[in-house]
Amino acid sequence: MKTRSLRWRLTWVSVKCVLVAWLVWLGCQAWQLSRAHYGFWDESQREVAAQILESMPDGLESLPPRERPAVPAGHRDHKMSWQVWASGRNVVYSIAAPGEPLKPDFRDGFARRSIAGQVWHVYSLSDPRRGLIVQVGRSKEMIANEIARWVGLSLLAAGLIFVLFVLTVWTVIGRSLRPVAALRDTLRTRPPLDLTPLQAPGLPTEFSPLVDAFNDQLTRVDTAVQNERRFIADAAHELRTPLAVLSAHADLARRAATEEERDTALRRLSAGVARAARLSEQLLDLARLDAQTAAPTLVPLDLAPLLVLVVRDFETLARERQQRILLRTEDGRVLGDVDLLGILIRNLVDNAVRYAGEGGRIEVICRRDVRDGVGGIALCVADDGPGVAPEERERIFHRFYRANGAGNGHGNPRSSGSGIGLSLVARIARTHNARIHVEDGLDGRGLAITVFFPAA
Amino acid sequence: MNLLLVEDDTMLAEALCAGLRAHGFRVDTAGDAALARTALVEHDFDAVLLDLGLPGSSGLSVLSYLRGRYDATPVIILTARDKLSDRIAGLDAGADDYIVKPFQPDELFARLRAVMRRTQGRVSPVLSCNGVVLDPARREVTRDGAAVPLSAHEFRTLLLLMERQGRVVTREQLEEAVYGSSGTIESNTIAVYVHQLRRKLGEQLIVTVHGQGYRISNGGAAA
């Protein structure tokens, strides 16, 4: 029976239990009753015979013979028929006992025989001192009747037990589930983003794992919602400045008195657009990471082709700044997510290209390496820019942290840093079980960031 | 130079058109995939600029339609989708290059010129070597009769190597063929593509000539 209702399931199970219990009991009883000689049937037959024999008065053999009357209608022996024989005559007998001897050999003991087309189970007991023989027998019909009556009674008892069981189940479950209904009502009336944990007094302890898990989920959703709120606030704040810059330069360009002034303003406008574009791209990456609730599925993949694709994107930017990028890769597979690794590589290279400055050098090197006894792939992006002071190196991976001088800089390309890129790198490295090392960059200057991925 | 610009954002389409015309291109535009397909059937273009996020069906469907007709017109994908997996899918589907919005118009013109320089005036005989057959017109590569999917960059690397069968091709020549000139990035990119090609087409096909470059093996060794 495939039903999900607890009540019906318990009812169904109790039907089966009662039925099995009843069958087992019936089996035991049947075995006990029918055991030869010592079972209840044989025992009772023997006992009845002994009692009859003892209760017979003396002098039965001298009773005058009489005609055996016909059995009156409706009279019959219900459980047993018996006969008392004295001097070869059946002197006393139960009302429906057969006329012939139940056990014609008159020997003591049990026997099974056929009398008037019926199978009888007979027992004979003699008292040689008094010359009396008692014979007690049950016909198959009598046995069958008795069994039927007895089975009927036990079925009735089983039925009553079952009804009692079901009534109990229905009431107990009804009562136990009342707190669940109360919980449902609470949930229904909650405001949509009320994420406070549920309280469920009186709920059966079996349900508490469910409520706990649900509360855990609420906490996670709460974190996600908080992240999103924080993101919206951050994004609004971060986007306002570059947009204000755009609007200012556009205004300047429109009002420019000379061709030269207009040209300058337009060039700055272009640069501002690039900055705003990059910022929105990073904010989108950030939102995408924030929205990711489950851990990404990591698959074995080659890092080198991804590096080639992403590094090529910086060709134009690097050319404009007369920078040189050196890309060296070795084969090797890591466990990763293509899109996340794309974001990681883009932000690492972007950071280096921006910080290296005009005419700078950038090296992107990916090689097989062993760190702390673990083999893997080390991806190192180094520049020859101004670098970051050792005490600051930890913090550059925090969101919206700008390295000293990054936000205000004397023509320094760092001025366009958003403080998002490296925080994305750190987060993606974490999801890939990769470790980050920060060192000095090229020629003892600049910055080198190495991300070490364990081999796939 | 006839270009087809497939872009649904009219503001961007107009700005790009103006810029491209100022650079001496003739530009037709199509606002969705169906119009793009019609235009591709009715006219010959020298290159296609294809936006992936079109209303209705994706730009990738236009690309597979084009390549399905064995049309090797160069295609540059323009898209707001900056997911790396999308870009790889585009290149695998037969795009020649990929440029992510927002982009600088100059970068687009540079890539467009590079792509067209590579394909211009090329007579395209079917090249074959050691069971590997490359059909430039159909952009198709087979190995022992079975099609082998190659990305645009892998295809171009193989194309140059097979065109100069038996001769050594330097790394610089290959880079030039794959990307157009680049003084900015010095890399072992070509080694990466050669590695991928060997993985797909067999280790013996491409021989490294140390200190010089690569060449296609002469076939004597291969059965």
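The dialogue below walks through several features of this predicted model.

User: Where should I begin with chain B, and how many helices and strands does chain B have?

Analyst: Chain B comes to eight helices and 13 strands, and of its 223 residues 35% count as buried. Among the contacts in chain B with a separation of 6 or more, 58% are accounted for by residues 24 or more positions apart.

User: How do I read a sheet, and in which order do the five strands of the open sheet in chain A stand?

Analyst: In general, the strands of a sheet pair through backbone hydrogen bonds, either parallel or antiparallel. In chain A, five strands form an open sheet in the order β2-β1-β5-β4-β3, with antiparallel pairing. The edge strands are β2 (89-93) and β3 (109-115) of chain A, each of which pairs on one side only. Ignoring direction, neighbouring strands of this sheet are turned by 30° against each other on average.

User: Over how many bridges do β1 and β5 of chain A pair, and what packs on the sheet?

Analyst: Strand β1 (residues 81-86) of chain A pairs with strand β5 (residues 132-139) of chain A in the antiparallel sense over six bridges, and A:Ala86 has A:Leu132 in β5(A) as its bridge partner. Helix α3 (residues 140-176) of chain A packs on the sheet and touches β4 and β5 of chain A, its direction making about 60° with that of β5(A). Helix α2 (residues 40-55) of chain A lies across β1, β3, β4 (118-127) and β5 of chain A, and runs at about 145° to β5(A).

User: Why is helix α10 of chain A described as largely enclosed?

Analyst: Helix α10 (residues 421-431) of chain A has 11 residues, and eight of them are buried, so the helix is largely enclosed by the rest of the structure. The buried residues include A:Leu422, A:Val425, A:Arg427 and A:Ile428, and their cover includes α6 (259-291), α9 (338-356), β11 (435-440) and β12 (447-454) of chain A. Just after α10(A), A:Asn433 takes a positive phi of about 55°.

User: How many residues does each chain give to the contact between chain A and chain B?

Analyst: Chain B gives 22 residues and chain A gives 24 residues. On the side of chain B that touches chain A, α4 (84-92), α5 (105-119), β11 (185-187) and α8 (189-201) of chain B each supply at least two residues, and the residues of that side divide into seven nonpolar, nine polar and six charged.

User: In which sense do β7 of chain A and β11(B) pair?

Analyst: Strand β7 (residues 324-329) of chain A and β11(B) pair in the parallel sense over three bridges, with A:Leu326 standing opposite B:Glu186 in β11(B).

Methods:
Residues numbered from 1 in each chain as written. Chains lettered and ligands numbered in written order. Predicted model: local features only at pLDDT ≥ 70, side-chain atom pairs only at ≥ 80, totals over all residues. Contact = placed C-beta atoms within 7 Å. Helix = DSSP H or I, 4+ residues; strand = E, 2+ residues; numbered from the N terminus. Nonpolar A, V, L, I, M, F, W, Y, C, P; charged D, E, K, R; others polar. Pairing = 2+ DSSP bridges. Buried ≥ 20, exposed ≤ 12 C-beta atoms within 10 Å, placed from the backbone. Axes fitted to C-alpha atoms, helices over the stretch in contact; angles between N-to-C directions.
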